[in-house]
Amino acid sequence: MGNFVSQSFFIPKPTLTEQTCPDQKDRVFIVTGGYAGVGQELSRILYSRNGTVYIAGRSAEKAEKAIASIKDAHPTSAGKIAFLKLDLADLATIKPAVESFTAQESRLDVLVNNAGVMFPPVGSLTAQSHDLQTGTNLLGPYTLYKSLAPLLAATAKSAPTASVRVAWAGSVGIEVLSPKPGGMILDANGAPVVGTKGVTNEVNYAQTKAGNYFFAKELARQEQAAGTGVVHVAFNPGNLRTELQRHFKGVGATLTDVLLLYPAVFGAYTELFSAVSPEITPEKSGSYIWPWGRVGGLRPDVEKSVKSEAEGGTGLSAKFLQWVEKETKAFVA
């Protein structure tokens, strides 16, 4: 409960905002879901600071509207902002998107896996027949990262230390809703369990967010071992008013909005910290970022999941990653 309170109430002021963000000229960003809510706010800030920003998502119409709004708000920006079409719920769309991106850009400094889905109708599936939350929040972002990993590593060779990053979207829901112990329940094949063993739609959402922390930890180890220089972090953007709550209805939703939710721009400050803060050094790769830009931690049982048995942990995150790699291998660009 202490972690929940620390991430939800009496949060210190953000250190990185529109006013304090360094110039991002000549740096290239991909922000999934960058045309709505937190993603749009982050894209706006990066563009206002002269960054090259690709808004990745399904809807060209929404992207064009967001891009026009961002450009109108910052007419003097020396940056670039463009749409990158992909659907995280359809792994087959990711390779063409990556090919389109690499045809236009020779570097990628930061991938922000901002997009996600929360509490869709029970039984919703991806194009590959995975549970929709598992596919959109985990398999899609992982496939995108894996397809861009060579370009990220190439960029890191000449970029400032620890400036090339991949940021993964967590949630305070990990603390209060994810399964105990461990944050995720896996079946015999390493796949997240959905719909049984108490894994409701809401619990499943939380375990997908724990999965993104697993990604940050496991991939940080892999990048460090390979010496690529690419840094990974996971982040809780904060409790925010965004389109993510579109399936959340009723009295509980109203009370949550009144008591807990902040404007979307604050979540963008958390993501901005994750993407560009110099506080994230190579030693902090694999960290979990609290609102509105603080290195924090998670429940002890979740932290145990990201350690090997030799380290006193359970090795749950490694087993999960093995399953993800098998499910996505055929779709990696």
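Buried means under 20% relative accessible area, exposed over 50%, and partly exposed in between, with a 1.4 Å probe and protein chains only. The model is predicted, so local features need pLDDT of at least 70 and side-chain atom pairs 80 or more, while totals for chains, interfaces and linings use all residues. Residues are numbered from 1 along each chain as its sequence is written, and side-chain values use heavy atoms, leaving out hydrogens and water.

Select Phe266 first. Phe266 is partly exposed, at 25% relative accessible area. Phe266 sits in helix α9 (residues 264–276) and Trp292 in the loop between β7 (287–290) and β8 (294–296), so the pair ties together parts 26 residues apart in sequence. Helices (H or I, at least four residues) and strands (E, at least two) are DSSP runs numbered from the N terminus.

The structure holds 14 aromatic pairs. Next, select Tyr54 and Phe101: this pair is edge-to-face, at 5.0 Å and 85°. Tyr54 belongs to strand β2 (residues 52–57) and Phe101 to helix α4 (residues 94–104), 47 residues apart. Both Tyr54 and Phe101 are buried.

Finally, select Tyr142, Tyr145, Trp168, Phe214, Phe215, Phe320 and Trp323, which form one aromatic cluster.

Definitions and conventions. Rings of Phe, Tyr and Trp (its six-membered ring) pair if their centres lie within 6.5 Å; planes under 30 degrees apart count as stacked, over 60 as edge-to-face and the rest as tilted.
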